[in-house]
Amino acid sequence: MSVVISDVQTAVADWRSASERDRLLQVVQPGLIGLIDGTISTLAPIFASAYVAGSHAALLVGFAAALGAAISMGMSEALSDDGTLTGRGGALRRGTITGVATFLGGSLHALPFLIDDLHTALTVAYVVVSCELLVIAIVRKRYLKVSLASSLVQVTLGGILVAAVGVAVGHA
């Protein structure tokens, strides 16, 4: 437990002493990549499984997809750059941030499928996805200086396209 506390204290101290650019490259950007990928990439399998097999299946598929995406994205981020050429920080830290954010983004909209009634679960899941996309748009506005309207259109369009694939496959 003391190792975890020490790691958290070190991370907070690093955050406070880092420049705005370093924060963006080493923490925000890997986290944002993970949130976007986790939120959007898991929509199709979750919604397809919900329509084909119901809430319980969507919950299991959702967590499996979120965990698989987290491992894949974390490894991709960590193995893509050791940070020395780009200044993006240590590979392990970036990979961990990306993986955790991917799991978070992918698993939150699976949680509504704890509800047995599929119609209710889907309604709650759509609200959760909307909130996730809004958070992504706000982070993009804050750190990437993208207009909120433009960001909302971009992330919502991506989310709608992937969710539509899941719905289409689920109804096929």
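Select residues 91–107, helix α5: at 1.5 Å a residue, its 17 residues should span 24 Å, and the end C-alpha atoms are 24 Å apart, which agrees. The expected span is 1.5 Å times one less than the number of residues. Helices here are DSSP runs (H or I, at least four residues), numbered from the N terminus.

The model is predicted: local features need pLDDT of at least 70 and side-chain atom pairs count only at pLDDT 80 or more, while totals for chains, interfaces and linings use all residues. Residues are numbered from 1 along each chain as its sequence is written, and side-chain values use heavy atoms, with hydrogens and water left out.

**The buried residues of α5**

Within α5, colour A91, R94, G95, T98, G99, A101, T102, G105, G106 and S107, which are buried. Buried denotes under 20% relative accessible area, exposed over 50%, and partly exposed in between (1.4 Å probe, protein chains only). An α-helix has 3.6 residues a turn, so residues three or four places apart point the same way. Next, display α2 (20–41), α3 (43–53), α4 (55–80) and α6 (118–144), which are included in what covers these buried residues. Contact here means heavy atoms within 4.5 Å.

F103 is partly exposed, with a relative accessible area of 31%.

**The aromatic rings**

Rings of Phe, Tyr and Trp (its six-membered ring) pair if their centres lie within 6.5 Å; planes under 30 degrees apart count as stacked, over 60 as edge-to-face and the rest as tilted. The count comes to three aromatic pairs. Select F47 and Y126, a stacked pair at 5.2 Å centre to centre, with 15° between the planes. F47 lies in helix α3 and Y126 in helix α6, so the pair ties together parts that are 79 residues apart in sequence. F47 is buried, at 1% relative accessible area, whereas Y126 is partly exposed, at 36%.

**Helix α7**

Finally, select S151, V155, G159, A163, G166 and G170, the buried residues of α7. They pack against α2, α3 and α6.

Notes. Helices (H or I, at least four residues) and strands (E, at least two) are DSSP runs, numbered from the N terminus.
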